[in-house]
Amino acid sequence: MLSELQKQKFIKLFSMYDACSNGYLDRKDFEAIVNKAARIKNWSSRSAKYQTLFYKYIDKWEGLEKTASQGKNHQVTLTEWLIYHEALIQDPQRYEAQVQEVMELVFDIFDDDGNGEISMKEWASFLSLYNISPVYSEFIFPILDQNQDGALHKDNLLELIRTFYFSDDPEAVGNLIFGPFRY
């Protein structure tokens, strides 16, 4: 069973994916995220990067819809989302596969110089993709960058995401990975 803190974090995550802000997720939300990434990165809809990202996000949506949607309405409600994430954290292999996939997407899109690191500026771009004000990056990035080297590395990001998903400590650093949420 999800703790209250986990519920709050997963509600935050749901709101990030609900690009249309209509209270449920559907294919349009995932398409909107890809289109916003294209605008941020100045990609043409015919570019290889756009096409790759589009198919990855649509695949992500189809997997979510197949697994989480309890109705046949091609939507995922907040309740279904929470049930989905409760099952996800109880299946270590599935959790690892999904988190690894998301992390690779973050680096594919936002590691502009391809150095295997995400800078504060790159993290701000990532946050803006999910309608989180990039201004939060100035406040949270120095906290997330625990070794203070000015970058998030893949292993750091994996640990922060793990904390976001599993920690019940309201003060845990990983809780801030996607900006503030209410608790």
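Buried, in this talk, means under 20% relative accessible area, exposed means over 50%, and partly exposed is in between, with a 1.4 Å probe and protein chains only as cover. The structure above is a predicted model, where local features need pLDDT of at least 70 and side-chain atom pairs count only at pLDDT 80 or more, while totals for chains, interfaces and linings use all residues. Residues are numbered from 1 along each chain as its sequence is written, and side-chain values use heavy atoms, with hydrogens and water left out.

I will start with the overall fold. The protein has eight helices and four strands; helices (H or I, at least four residues) and strands (E, at least two) are DSSP runs, numbered from the N terminus. Read from the N terminus, the order of elements is α-β-α-α-β-α-α-β-α-α-β-α.

On dimensions, the C-alpha trace spans about 45 × 45 × 30 Å along its principal axes. The radius of gyration is 16 Å, which agrees with the value near 16 Å for a compact globule of 183 residues. That radius is taken over C-alpha atoms, and the globule rule is 2.2 Å times the number of residues to the power 0.38.

Of the 183 residues, 44% count as buried. The protein exposes about 9500 Å², and carbon and sulfur atoms supply 51% of that area. Accessible areas come from the Shrake-Rupley method with a 1.4 Å probe, and for residues only the protein chains shown count as cover. Among contacts with a separation of 6 or more, 58% are between residues 24 or more positions apart; contact means heavy atoms within 4.5 Å.

Next, the salt bridges. A salt bridge is a side-chain nitrogen of Lys or Arg within 4 Å of a carboxyl oxygen of Asp or Glu, and the structure holds seven of them.

One of them joins R27 and E31, with the closest N and O atoms 2.6 Å apart. Both residues lie in helix 2, four residues apart, about one turn of the helix. R27 is partly exposed at 33% relative accessibility, and E31 is partly exposed at 24%. R27 and E31 also belong to a network of salt bridges with E62.

Another pair is D108 and K56, where the closest N and O atoms are 3.1 Å apart. This pair links distant parts of the chain, with D108 in helix 5 and K56 in helix 3, 52 residues apart. D108 has a relative accessible area of 39%, so it counts as partly exposed. K56, at 32%, is partly exposed as well.

K154 lies in helix 8 and E104 in helix 5, so the pair ties together parts that are 50 residues apart in sequence. K154 is partly exposed at 31%, and E104 is partly exposed at 25%.

Now to two buried residues. Y95 lies in helix 5, residues 92–110. Is Y95 buried or exposed? Its relative accessible area is 2%, so Y95 is buried. Leaving aside neighbours within four places in sequence, Y95 is in contact with L88, I161, R162, Y165 and F166.

N175 lies in the segment after helix 8, which covers 154–166. N175 is buried, with a relative accessible area of 1%. Not counting residues up to four places away in sequence, N175 touches L5, K9, T163, F164, S167, D169, P170 and F181. As for P170, its backbone oxygen lies 3.4 Å from a polar atom of the N175 side chain.

Finally, the surface. S44 sits in the loop between helix 2 (27–41) and helix 3 (48–68). S44 is partly exposed, at 42% relative accessibility. Its side chain reaches the backbone nitrogen of R46 at 3.0 Å.

Where is F139? F139 is in helix 7, residues 135–144. F139 counts as exposed because its relative accessibility is 57%. Together with V135 and Y136, F139 forms a nonpolar patch on the surface, with about 290 Å² of accessible area for the three together. Patches are made of residues with over 30% relative accessible area and no salt bridge; like charges are joined within 9 Å, and nonpolar side chains (Val, Leu, Ile, Met, Phe, Trp, Tyr) within 5 Å.

Key
Polar contact = N/O pair within 3.5 Å; in protein donor to acceptor, adjacent residues only side chain to side chain.
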